[in-house]
Amino acid sequence: MLNNAQKRQLKALGAKLDIKYQIGKNGLTDSLLDVLNKALVAHELIKVDVMKSLETPVMEIALDLSSKLNAEIVQVLGRTVLLFKLNKENNKIKLVK
C-alpha cells in the first residue's frame, strides 16, 4: 500500500508520461490485461486512458484493473488512470519511505 508521500512522488512522475494504453468499447479483454501487465512489469508506472465509448464508470474500471493486475491505483484524473506495480526483481522507481 502506498503512503501519501509515495503517491505524490508517483503523480509527479506520471505527469511526464504519455498515455500509451487505451480501453475502448470492448472493455477489459484478456489480451488487453496481458499487455497492461507486461507494461507494468517493464515500466512499473503506466497511464491508461478510458475512452468515452465505454459506458462503465472510470473508477469501476480502475478498481477492476487494480485487482486483476495486482497494481496500485495512484490517481484517477478525468478518464485517465495512473497505475503502479513494483517490480521486485528489477525495480526502476525508488519510492520514498
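## Close-up views of a predicted protein chain

The accessible surface of the protein chain comes to about 6,100 Å², and 50% of that surface belongs to carbon and sulfur atoms; accessible areas come from the Shrake-Rupley method with a 1.4 Å probe, and for residues only the protein chains shown count as cover. The model is predicted, so that local features need pLDDT of at least 70 and side-chain atom pairs count only at pLDDT 80 or more, while totals for chains, interfaces and linings use all residues. Residues are numbered from 1 along each chain as its sequence is written, and side-chain values use heavy atoms, with hydrogens and water left out.

**View 1. The whole chain and its elements.** The protein chain holds three helices and four strands, which follow one another from the N terminus in the order α-β-α-β-α-β-β; helices (H or I, at least four residues) and strands (E, at least two) are DSSP runs, numbered from the N terminus. Along its principal axes, the C-alpha trace spans about 40 × 25 × 25 Å. The radius of gyration of the chain is 13 Å, which agrees with the value near 13 Å for a compact globule of 97 residues; this radius is taken over C-alpha atoms, and the globule rule is 2.2 Å times the number of residues to the power 0.38.

View 2. Helix H2 (residues 30–43) has 14 residues and reaches 20 Å from its first C-alpha to its last, close to the 20 Å expected at 1.5 Å a residue, where the expected span is 1.5 Å times one less than the number of residues. Leu32, Leu33, Leu36, Ala39 and Leu40 of H2 are buried, and they lie on the same side of the helix because they cover an arc of only 125 degrees around its axis, the arc being that of the directions from the helix axis to the C-beta atoms. Asp30, Ser31 and Lys38 are exposed residues on the face of H2 turned away from its buried side. Buried means under 20% relative accessible area, exposed over 50%, and partly exposed in between (1.4 Å probe, protein chains only).

**View 3. The nonpolar cores.** The largest nonpolar core has 20 residues, and those with the most contacts inside it are Ile23, Leu36, Ile46, Val48, Leu65, Leu69 and Leu83; such a core is a set of buried Ala, Val, Leu, Ile, Met, Phe, Trp, Tyr and Cys residues joined through side-chain atoms within 4.5 Å. Leu36 is in contact (heavy atoms within 4.5 Å) with Tyr21, Ile46, Val48, Leu65 and Leu69, leaving aside its neighbours within four places in sequence. A second, separate core of seven residues includes Leu10, Leu45, Val74 and Leu82.

**View 4. Two loop residues with positive phi.** Glu44, in the loop between H2 and E2, has a phi near 70 degrees, a positive value in a residue other than glycine, and Glu44 counts as buried at 0% relative accessibility. Asn70, in the loop between H3 and strand E3 (72–77), has a positive phi of about 55 degrees although it is not a glycine, and Asn70 counts as exposed at 63% relative accessibility.

**View 5. Thr80 in strand E4.** Thr80 is found in strand E4 and is buried, with a relative accessible area of 19%. Leaving aside neighbours within four places in sequence, Thr80 is in contact with Ile19, Lys47, Val48, Asp49 and Gln75.
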